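Q: Could you walk me through a few packing details in this one, and spell out the cut-offs as you go?

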Amino acid sequence: MKKEHEEFIDGYKSKLPPKIITEIKEHVPTNVTKAKLTKILEEIHGIYENAKIHSGEGVGIVSAESIGEPGTQMTLNTFHLAGVAEVQVTTGLPRLIEIFDSRRAIKTPMMEIHLKSPHNKNIDKIKNFAAQIKETKVGEIVSEFSVNLLEQTLKLILSKDSLESLNLKTEEVAKLVKAKTKSFNLTVEGDEITLTYKGKSDEIKEVYGIKEKIKLIKIKGIKGIHQVLPVKRGEEYVVLTAGSNLKEILELPEVDAEKISTNNINEIEAVLGIEAARQAIMEEVSKVVESQGLNIDARHLMLVADIMCVGGVVKGVTRYGVVSEKTSVMARASFETPLKHIVDASLVGERDRLTSVVENVMLNQPIPLGTGLPGLVTKMK
Amino acid sequence: MTFNPNKHRLVPKHSKLSDKEKAKLLEDYGITVKELPKILINDVALEGLDANEADIIKVTRHSITAGETVYYRSVING
């Protein structure tokens, strides 16, 4: 395309979004005359302006219906695929509810870890990395616990196989155990660790208590990563994990930090900020929607994600989240727990200014939407 | 090693508006700072921007529908 044409199209940058500008540049024939190009651009600009949402349009309810209706078509529960070695993930309606409610603890936290170039091609390196990050607790490598109540001792016999596969020595495990068991004397013999209680000999529950505690001591890996699964994605290998710990994984030197993803939106909010959380909400919802074979326009998801993130923190679409932000008492009361809202409001003498939709519907008044939005001004003679 | 959150795939570009730009924006939309969407002052994406309360942050998002969109957030002390 001629340079002057390109510059001419760029002149429309303030009127048209960048995506349309690039599309025009791609599709306009190279031999177009300037007069025709002007006509094309004006036509496109007209169509674009017409396609815009008019002020006063009730976008919220349109989005609500556009997400709600396909939502009824969703399979209620997860598919169970027999024999497929993938990490189990919540999808479908339960996952959608989880995202929109902005639950703190999600059912199946999951991460997809991409590695930097030399690490991501070799299957052995990937496997090694996966083993490194998997959280291993003492309970998993002990083949036998034996409690001797008379002598107040607890003997741990470590499994040789597990020690070998984790590349660990008995002494290293003993050191970690020792740090958490201050009231016990610790001795190591071969792959046996013996703990003897220092205090009075008539307290039986001490030994039992410490047994449960020891089981949970972390010896290797990253907290929260329960399962690891190296898989091939195109040319490279990535590690899928059950359990998520974005903060600590990002600190590892081998990982490609820019590409790492997790499905835990609260974690993203804390580690990457509110804008990343908004983006993640949209991506997670569209993943669910696509996996169910549904088609929801991205604009509806944008609106929901924007509303959830408008206050600087992620708020769920619940009575504790975005609904509690409504200024009108009656609008809040109409959602859930009406009595509580009305009682609370009357106790502090709250005033309802009837500026929004729901409260005006309740009072049988015109709602401030569409033609109800503008007020009329008349000149009196 | 500390990770720079602004490099992550999910984080759009954040920049701080100057006083002049801020005044123009508020006038164009006919609003006050309080009416804008918020961002917490300790949000990780604001690192290095030296943002104070009531500053306006311009977020240049990548958008599937428009290619690129701008969004404004005012900094609050949450």
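Predicted model: local features only at pLDDT ≥ 70, side-chain atom pairs only at ≥ 80, totals over all residues.

Q: OK, at what angle do α5 and α13 of chain A pack?

A: Helix α5 (residues 92-101) and helix α13 (residues 274-291) of chain A pack at about 165°, with their axes 10 Å apart; helices here are DSSP runs of H or I with at least four residues, strands are runs of E with at least two, and both are numbered from the N terminus. Axes are lines fitted to C-alpha atoms, for helices over the stretch in contact, and angles run from 0 to 180 degrees between N-to-C directions.

Q: So which orientation is that for α5(A) and α13(A)?

A: The angle makes α5(A) roughly antiparallel to α13(A), a label for angles over 145 degrees, with under 35 counting as roughly parallel, 65 to 115 as roughly perpendicular and the rest as oblique.

Q: Which residues meet there?

A: From α5(A), the residues are A:Gly92, A:Arg95, A:Leu96, A:Ile99 and A:Phe100, and they meet A:Ile281, A:Glu284, A:Val285 and A:Val288 of α13(A), where contact means heavy atoms within 4.5 Å.

Q: Switching topic, how many aromatic pairs are there?

A: The count is one over all chains, with rings of Phe, Tyr and Trp (its six-membered ring) pairing if their centres lie within 6.5 Å, and planes under 30 degrees apart counting as stacked, over 60 as edge-to-face and the rest as tilted. A:Phe8 and A:Tyr12 have ring centres 6.3 Å apart and planes at 70°, so the pair is edge-to-face.

Q: Is A:Tyr12 buried or exposed?

A: A:Tyr12 is buried, at a relative accessible area of 7%, whereas A:Phe8 is partly exposed at 24%; buried means under 20% relative accessible area, exposed over 50% and partly exposed in between (1.4 Å probe, protein chains only).

Q: And what about A:Leu158?

A: A:Leu158 lies in strand β4 (residues 153-158) of chain A and is buried at 2% relative accessibility. Its C-alpha atom is 6.3 Å from that of A:Glu192, 34 residues apart along the chain.

Q: Where does B:Ser74 lie?

A: B:Ser74 lies in strand β4 (residues 67-76) of chain B, and B:Ser74 is buried at 2%.

Key. Residues numbered from 1 in each chain as written. Chains lettered and ligands numbered in written order. Heavy atoms only, no water.
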